[in-house]
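The sequence and the structure come first, and the commentary comes after them.

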Amino acid sequence: MKTIHDFIKAKENKEKICMISTYEYWSAKICEEAGVDCILVGDSVGMVDAGYETTLPVTLDEIIYHSKAVRRGAPNTFIISDMPFLSYQTSKEEAVKNAGRIMKEACVNAVKVEGGEEIASIIEKLVNSGIPVMGHLGLTPQSVHALGGYKVQGKTEESRKKLIKDAKILEQAGVFAIVLEAVPKDLAAEITDFVDVPTIGIGACNETDGQVLVFHDMMGFFDKSPKFVKRYVEGKKLFLDGLSKFKEEVKTGKFPSDEYCY
Ligand code: KIV
């Protein structure tokens, strides 16, 4: 299994890091078989698996449930679990208690938190408690209402400067990697150059040290995809084809034929 040092080494050696966000036993099993570098149990589970409008309703117990399933599916893969909205922002004590529950109950390797300078002391406390932390800057979905929607970040000079500063602050606070979401290519490149820890991009073009996509997005399970998602498989079509064949064979009595009977 990889360690946080392998991710830092990958950056030094200019080897790209491949991360997938997923939430189930079965999809984690496929990810491990495919040899992805790490799996994120993202709080996007709330939107993708539960149909919420945002990630905000996701609870700590739900993240633990999904993290346990992913750990069972991918016993040899480095796993990072998202800390849900307001499970770490409120105090250092809450953050350590909640991250501790995720680490102890789901046996994952690290947690991810969203935000910059404002949560630096919380990240420091987590890291000093022995909990590896991945940062997340740019479009931070837990702040969707504060940001005024799912928009590309770092487009003004002021927000650009803040993101660059935040990345350095996160590095100094002890994160082992930083997700950069929905930022322009040149800004992602500047941040990637400016910090020694790897950056993992989503909607941040190809200058980052790695890439992450949500499994269900890249597998084409939804009708529409955001611009940054490449659909590697048309999953919805495959499933629909399979289901309509099953339905037809059940209706006509073709399934189950003798080969499927005891
Ligand atoms: O929740 C998630 O899946 C994420 C990734 C998209 C980075 O945070």
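## Basis of the values

The model is predicted, so that local features need pLDDT of at least 70 and side-chain atom pairs count only at pLDDT 80 or more, while totals for chains, interfaces and linings use all residues. Residues are numbered from 1 along each chain as its sequence is written, and side-chain values use heavy atoms, with hydrogens and water left out.

Helices (H or I, at least four residues) and strands (E, at least two) are DSSP runs, numbered from the N terminus.

## Helices α2 and α4

Helix α2, residues 25-34, packs on helix α4, residues 60-73, at an angle of about 40°, and their axes are 7 Å apart; axes here are lines fitted to C-alpha atoms, for helices over the stretch in contact, and angles run from 0 to 180 degrees between N-to-C directions. The two helices, α2 and α4, are therefore oblique to each other, on a scale where angles under 35 degrees count as roughly parallel, over 145 as roughly antiparallel, 65 to 115 as roughly perpendicular and the rest as oblique.

On the α2 side Tyr25, Ala28, Lys29 and Glu32 take part, and they meet Ala69, Val70, Arg72 and Gly73 of α4, where contact means heavy atoms within 4.5 Å. By class, the residues of this contact of α2 with α4 are four nonpolar, one polar and three charged; Ala, Val, Leu, Ile, Met, Phe, Trp, Tyr, Cys and Pro count as nonpolar, Asp, Glu, Lys and Arg as charged, and the others, Gly among them, as polar.

## Helix α9 and its surroundings

In helix α9, which spans residues 185-194, the buried residues are Leu187, Ala188, Ala189, Ile191 and Thr192; buried means under 20% relative accessible area, exposed over 50%, and partly exposed in between, with a 1.4 Å probe and protein chains only. These buried residues of α9 pack against α1 (4-12), α8 (157-173), β6 (177-181) and β7 (199-202).

For the pair α8 and α9, the packing angle is about 30° and the axes lie 10 Å apart, and the two helices are therefore roughly parallel to each other. Their crossing is right-handed, and the contact involves Arg160, Leu163, Ile164, Ala167, Lys168 and Glu171 of α8 together with Asp186, Leu187, Glu190, Ile191 and Phe194 of α9. The contact of α8 with α9 comprises six nonpolar, no polar and five charged residues.

## Cysteines

How many disulfides does a search of the whole structure find? The search finds zero, a disulfide being a pair of cysteine sulfur atoms within 2.5 Å. Cysteine 38 is in no disulfide, and its nearest cysteine sulfur, that of cysteine 18, is 7.8 Å away; cysteine 38 is buried, with a relative accessible area of 1%. Cysteine 205 is likewise in no disulfide, with the nearest cysteine sulfur, again that of cysteine 18, 17 Å away, and at 40% relative accessibility cysteine 205 counts as partly exposed.

## Two loop residues

Glutamate 118, in the loop between β4 (110-112) and α6 (120-128), is exposed, with a relative accessible area of 54%. Its C-alpha atom is separated by 8.8 Å from that of glutamine 89, although the two residues are 29 residues apart along the chain.

Tyrosine 150, in the loop between α7 (144-147) and α8, is partly exposed, with a relative accessible area of 42%. Tyrosine 150 and threonine 54 are 96 residues apart in sequence but 10.0 Å apart in space, C-alpha to C-alpha. When neighbours within four places in sequence are left aside, tyrosine 150 is in contact with Met47, Glu53, Thr54, Leu139, Pro141 and Val144.

## Backbone details

A cis peptide bond, with omega about 0°, joins phenylalanine 255 and proline 256, and proline 256 is found in the segment after α11 (235-252).

Lysine 14, in the loop between α1 and β1 (17-21), has a phi near 55°, a positive value in a residue other than glycine, and at 76% relative accessibility lysine 14 counts as exposed. Cysteine 107 has a phi near 55°, also positive in a residue other than glycine; cysteine 107 is placed in the loop between α5 (92-106) and β4 and, at 47% relative accessibility, counts as partly exposed.

Terms used:
Left-handed = near helix turned anticlockwise from the far one by under 90°.
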